[in-house]
Amino acid sequence: MRRWAAGFLAGTLILQQQATLINAYANQILIAVLFLHGLWWWLRRHTSFKSNTNKVQRRHHWCSLLVSPVLGLLAGLSWAHWQACDALQTRLPPAFDGQEIQALVQIDGLPYRNDTGWHFTAKLLQADWPANIDTVHPPQKLSANWFPQREALPELISGQCWQMQLRLKQIHGTANPGGFDSELWALEQGLDGAASVRAASLRPCSDAGWSATAQIARWRASLRDRIFAALPEQRYAAVVVALVIGEQRGISQDDWSMLMRSGIGHLISISGSHITMIAALVAWLCGQIWRRSAWLPLQPALPLRCPTQHIMLTSGVITAWLYVALAGFGVPAQRTAIILTVAALAAFSGIPWRSSQILAMALALVLISDPWAAIWPGFWLSFGAVAALMAVVQPDPEKQGKKMHWRQKLMLALHSQWALMAAMLPACLFWFGQFSLVSPFTNAIAIPVIGWLVTPLALFGCLLPDALAKLVWQLAHLLLSWLMPLMEWMVAPAWAVWQRPVPEWPYLLLATVGSLILLLPRRWPLRWLGLCGWLPLLLPVPLQQAGLVVRFLDVGQGMAVLVETPHHRLLYDTGPAWSAGADAGARIVLPYLQSRGISKLDAVIISHQDTDHSGGAASIAKNIATAQWYSSLPEQHALHAHMRPHQRCEAGMRWHWDDVDFEFLQPAAVSYTSDKWKPNARSCVLRIAYRDQVILLAGDIEAVQEDEMLQMLPDKLRANVLLVPHHGSGTSSTPAFLQAVQPEWAVFQLGYRNRYRHPRADVWQRYADFGVKRLRSDSEGAIQFVFSETTEVSSYRRDRPRYWQTRADGSGDHE
């Protein structure tokens, strides 16, 4: 089973690296692989009946060593392929992009409301599809947004039916190294497309019938509302909600940053430790009640009718799955419940399964239920943690039944923490580019407080009437209000988090082998040599060899450009802010910097105050040390409190880094004394020159500023690469400006089908008429230019194509 499960894991991973699928033969491939499995099973049984000699048994053993992993590999490939084809079958095709339809939808799952509007999953019951579009396999579920215009937003309840006018759009996310893949997440969640509500009216839901998922979602929503009502305006109320129903969207970005730095982010969700702890608690209570049932007038007594161990296992598994339902059947919670179920079935069977066999069986079942699970870090962290604990916490037959001394318990806890650190360090560096050095200490404090006190109290409050529940939830919040400041204090030092570039595959494998050696049983000699596998991770960060690297990050409708010389780094703009607790600085720019091991910036430029350029500045200021800030923000702007030291950008300012010249061409100093200019007119225009290569970052300047530069600085406008002004709007990129710049490359930073319709069709065509090579972030993802002896151009989506990615057409007809 272990060899087959390892092959199955490898097969699913190989499939998830593919750019295309063979849709026409998915069923046939799966049937053929199942036939091979049946044939292998028949051959093993048939030959085993013929002879039981040692020679035949050795032959069976070696055949099994070779064939089982191969069959597992083929099974993983075919199963993941079939699941992927089935999921993509109903995906919104490009022909639907921008179409408006009338549809009857049912609110599915748990709707969420923030300061911008409602965000919910819409299950399509009926739809008026256009006659000219193929709807053999129409979309089933959409990720919908309802942003108010003038009307007041109603209250959305799971299970409601609404008649809605929807504008459709393909699932499309930003694509950056080290970033979150929202397109893959949508595929895994069964979302076929996105939609925005244009108009809606409530309608009776007789068409949908009764739905268990809707009832569970209503129950979760009522619990969420009760907790927020019991903890009004309390900072950690959203944390209590996350512990009860797994809803994490209410937690602020600052709190999440602290939780991740401290290494206890896994506790602020319905995680494996919580589910295991609650299941164990209920199993213990049921076992105690079952053992003490002799006073009941039953013959024979209950323990004689059914063993207490079976009652404990059954109640524990049922509790685990009920907790998973409370979490909305989230994938991480399902993973834990599957592991517990497999362990319980192994105990029921009476077969002496090894712990590694149980873990392999659970791994295979998790991948069967979710073939995309192995792409996410949670899969590797959870199974790695369980495997590490199994390796060090092995039962000793001679000591079974004996009570452990407190010193033995303490040493076991310390040994477990060491094992978790050894197992998690390579994985955390690979997935996040950082490792919390204080996590053993923060977890030693937080696990008992959150796992043994806060979570049971939060769940116990759900069973009580409102008056008593309020007291219990307030007690849980009080414990959090004591714990969280302590965590913040522990992660405050700069050394608390070890940040490194994401290791290359050879280094990762070497570090993993080192961790495996460290986790060997104590009787193995020279286990300390495993530390040698970590040595490459300790090497100094290599300096950039190229003369100049410019990376245009994909931040949606906004701008963010990272400029690197061998010894300096500059960030031009920080991307948009989407809501009060979400911005591109925290969601896109910081993860990319962390994956590169970048903990300091020499300069950050905020071109102007529009939120699509300055929205992520506060997040950058709080998490990245910055030597110098430049901006054209007005003096009363709130961001000035975060930007220290700060200097106003003015035309003529220059500096020199590593053979690279930097100069501001706009705005003129006199523009700050006038009130007639809007923010776009004061955009900081940065000219970067390296040898004979020039990059012009133009912000959101418009035709007037382009003309001013033509008059004042005509000799400095010539550039090889141009960041297209104002995302390609009709107010910029005049023919005279393009004639003066004469760019070889033009980069359009914009959002997919953005509401401003950028780039405008005539502007997009104008660049083509000038013979400019056009690149756009919505279709290319992050775009990189490397200038040294030659110029190398690459983009994230082209270098890393995946079958689930949306292919933007690049036509410029976007909404």
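This is a predicted model: local features need pLDDT of at least 70, side-chain atom pairs count only at pLDDT 80 or more; totals for chains, interfaces and linings use all residues.
Hi everyone! Local features here need pLDDT of at least 70, side-chain atom pairs count only at pLDDT 80 or more, and totals for chains, interfaces and linings use all residues. Residues are numbered from 1 along each chain as its sequence is written, and side-chain values use heavy atoms, with hydrogens and water left out.

Let's start with the barrel. It is closed, has 5 strands in the order 1-2-3-5-4, and its pairing is mixed. Strands are DSSP runs of E with at least two residues, helices are runs of H or I with at least four, and both are numbered from the N terminus. Two strands pair if DSSP finds at least two bridges between them. Strand 4 (residues 161–169) and strand 5 (residues 193–203) run antiparallel, joined by 9 bridges. Across that pair, W162 faces L202 of strand 5.

Next, E663, which sits in strand 19 (residues 660–666). Beyond its neighbours within four places in sequence, E663 is in contact (heavy atoms within 4.5 Å) with residues including M653, V685 and K716.

Finally, A458 belongs to helix 15 (residues 439–462). Setting aside neighbours within four places in sequence, A458 is in contact with V240, V244, W473 and A476. From C-alpha to C-alpha, A458 and A469 are 8.6 Å apart in space and 11 residues apart in sequence.
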